[in-house]
Amino acid sequence: MVMSLLMACPEDPPEFMLRWLLEQEMFDRAGINSLEDAAREQAEIERLRKEVSSLKRQRAQMKAHLAQVVAEERKRRGLPTPPSLDSKTVQKIKNCILRAAYAGFQGVDLALLFRRLDKDRSGELEINEVKAALRRVLRIPPSAVPDHQIHAFCAIVDTDFSGTVDIQELVSFIQGEGYDS
């Protein structure tokens, strides 16, 4: 049967296959019942691809603008520009935080982890608390993430420039809103 189909295949194989599939009633569940329906679906897919491409460009422009605004705000407040972290280090820290926040069948509980790390119960983690958490709780040795990278990490996560990391900043970082790895 396949050989007879291949022998009968015209010069436009996609159209031939579509006709064959329509005859086999394969597309009935998807609502594609004719070549016109298939063409409309293909046009919609192409339109959505263009829209996604446009949104990705807009996101890149917004991220560039945000980085500029953050740099200007740091400069205005007299804060040093944090050294950049490579994506491998950022991902390593994220993975360690997620592993430490895992609460069994309940899933990941960042609020519980944050309360465990916040030794002075201030609702914010100072740099020394973050360093202690990374070293003791998350068991990241200085050879894997040196102290200067912890300072860079804190500066990146600290989006309100308070000098501390609060729970919302930590959650935003883990969800990828604060820093792209």
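UniProt annotations may be inferred rather than shown by experiment, and their positions are given here in the numbering used for this structure. With that in mind, an unreviewed UniProt entry lists "domain: EF-hand" for residues 105-140 and 145-180. The model itself is predicted. The protein has 181 residues, with eight helices and two strands.

**Overall build**
- Starting at the N terminus, the elements follow the order α-α-α-α-α-β-α-α-β-α.
- Buried residues account for 30% of the protein's 181 residues.
- The protein exposes about 12500 Å². Carbon and sulfur atoms supply 57% of that area.
- Take the contacts between residues at least 6 apart in sequence: 47% of them join residues at least 24 apart.

**The stretch 105-140**
- Residues 105-140 form one of the ranges that UniProt lists under "domain: EF-hand".
- Over this stretch, the chain is 53% helix and 6% strand.
- Its end C-alpha atoms lie 25 Å apart.

**A look at Ala144**
- Ala144 sits in a loop. Helix H6 (127-137) and helix H7 (147-157) are the elements that this loop lies between.
- Ala144 counts as partly exposed because its relative accessibility is 26%, and that class runs between the 20% and 50% cut-offs.
- Leaving out residues up to four places away in sequence, Ala144 touches Lys92 and Gln149.
- Ala144 and Thr89 are 55 residues apart in sequence. In space, their C-alpha atoms are 8.3 Å apart.

Technical notes
Residues are numbered from 1 along each chain as its sequence is written. This is a predicted model: local features need pLDDT of at least 70, side-chain atom pairs count only at pLDDT 80 or more; totals for chains, interfaces and linings use all residues. Side-chain values use heavy atoms; hydrogens and water are left out. Helices (H or I, at least four residues) and strands (E, at least two) are DSSP runs, numbered from the N terminus. Buried means under 20% relative accessible area, exposed over 50%, partly exposed in between (1.4 Å probe, protein chains only). Contact means heavy atoms within 4.5 Å. Accessible areas come from the Shrake-Rupley method with a 1.4 Å probe; for residues, only the protein chains shown count as cover.
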